Amino acid sequence: MKLHVLILSVGCLLAIASDAQAAMRQYSANADTSHWTLDKTTRLSCELNHEVPYYGDAIFSSTASKNKDLTFNLDMVVRPESYDFAGLQSVPPAWRAGNPVRDISKMQLLKKFDGELDNSIAWEMLTELEKGNYPTFYYKDWQNSSDQISVALSSVNFRDMYWAFLQCRDNLLPYSFEDIAFTVMNYKKNSSMLTKSSRKRLEMIGEYLKNDENIESIYISAYSDSYGGRNTNMVLSRKRADTIKRYMEEMGVPSEKVRTDGFGEKRHVEPNDNALGRRKNRRVIIQIAKS
């Protein structure tokens, strides 16, 4: 009997020791270390950043586009070593301990990549933070199979930076680089003056260029219809390209990054025997590359 009691006691001690080793390692900012910052506040991108001490950064971001969609990125100093999922819950702060924990979603963990969530879940996380809750990720540690990890976003000092982020997002351009990277515009007859719709398009490109410092090169190629002399049309097409180049320089693009060509009557895209075809041939093509 004593032997059985001894074995049972040792077994209990081993079970307790095993439970103690299966630790929950928690990462979260406290009231003194909880900081939210607003970064990249241009008309092209806005980032709301929260540092999680000894873990990494939680980043909400929006970029210039029609929808200005929101994304969330969990930038981990130590990235996953395997493929898994992290649970995401909204956890009330300690002073609201009686409030229930609510499941939000799951985040896929990809080997050697940061965690990412799309527009709808990112907005839900922000609304939970606005209510004072802590969006918290839970997953099994890929470096120690006996440990669980929890990573919480603190709502302390959140509101003011969140409001600034919303204002920054509202001021983003309603179009992206992809929308202006390749553009065809048209000219009035026998003129280097763009049509009304093309002028609006050029203004849109100019507004983008004023905000992007990463433009690598711009190639401007201008063309004419076949009305008028060949030499006259060649000169006119070069004038059209040079006029666009000067505009790009006024928007802050260095001259050496802008290359122009005038092709005159060459390379028609439509027949020149009707007004619509000639209008399409009186064109300039702008191709923009960025680093």
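1. A quick term to begin with: a disulfide here is a pair of cysteine sulfur atoms within 2.5 Å. Bear in mind that this is a predicted model, where local features need pLDDT of at least 70 and side-chain atom pairs count only at pLDDT 80 or more, while totals for chains, interfaces and linings use all residues. Residues are numbered from 1 along each chain as its sequence is written, and side-chain values use heavy atoms, with hydrogens and water left out.

2. On to the cysteines. Searching the whole structure turns up 1 disulfide. The partners are C46 and C168, with sulfur atoms 1.9 Å apart. The torsion about their S-S bond is about -85 degrees, so this disulfide is left-handed. C46 sits in strand β3 and C168 in helix α3, so the bond ties together parts that are 122 residues apart in sequence. (Helices, H or I of at least four residues, and strands, E of at least two, are DSSP runs numbered from the N terminus.)

3. Are those two cysteines buried or exposed? C46 is buried at a relative accessible area of 0%, and C168 also counts as buried, at 10%. The cut-offs are under 20% relative accessible area for buried, over 50% for exposed and partly exposed in between, with a 1.4 Å probe and protein chains only.

4. Now the sheet that β3 belongs to. It is an open sheet of 5 strands in the order β2-β3-β4-β5-β8, with antiparallel pairing; two strands pair if DSSP finds at least two bridges between them. β2 (36-39) and β8 (115-117) are at the edges with a single partner strand each, so one side of each has no neighbour in the sheet. From one strand to the next, the twist averages 20 degrees.

5. Strand β3 (residues 45-52) is worth a look of its own. It runs antiparallel to β2, joined by 4 bridges, and W36 has H50 of β3 as its bridge partner. These two strands form a hairpin with 5 residues between them, and K40 in the turn has a positive phi of about 55 degrees. With β4, strand β3 pairs in the antiparallel sense over 8 bridges, and V52 stands opposite G56 of β4. That hairpin has 3 residues between the strands, with Y54 in the turn at a positive phi of about 65 degrees.

6. β3 is also mostly covered: 7 of its 8 residues are buried. E47 is a residue of β3, and at 17% relative accessibility it counts as buried. Leaving aside residues up to four places away in sequence, E47 touches T37, L38, D39, K40, I59, F60, S61 and F165, where contact means heavy atoms within 4.5 Å.

7. Helix α5 (residues 196-211) packs with helix α6 (residues 230-250) at an angle of about 35 degrees, their axes 9 Å apart. Axes are lines fitted to C-alpha atoms, for helices over the stretch in contact, and angles run from 0 to 180 degrees between N-to-C directions. The contact is made by L202, E203, I205, G206 and L209 from α5, and by I244, Y247 and M248 from α6.
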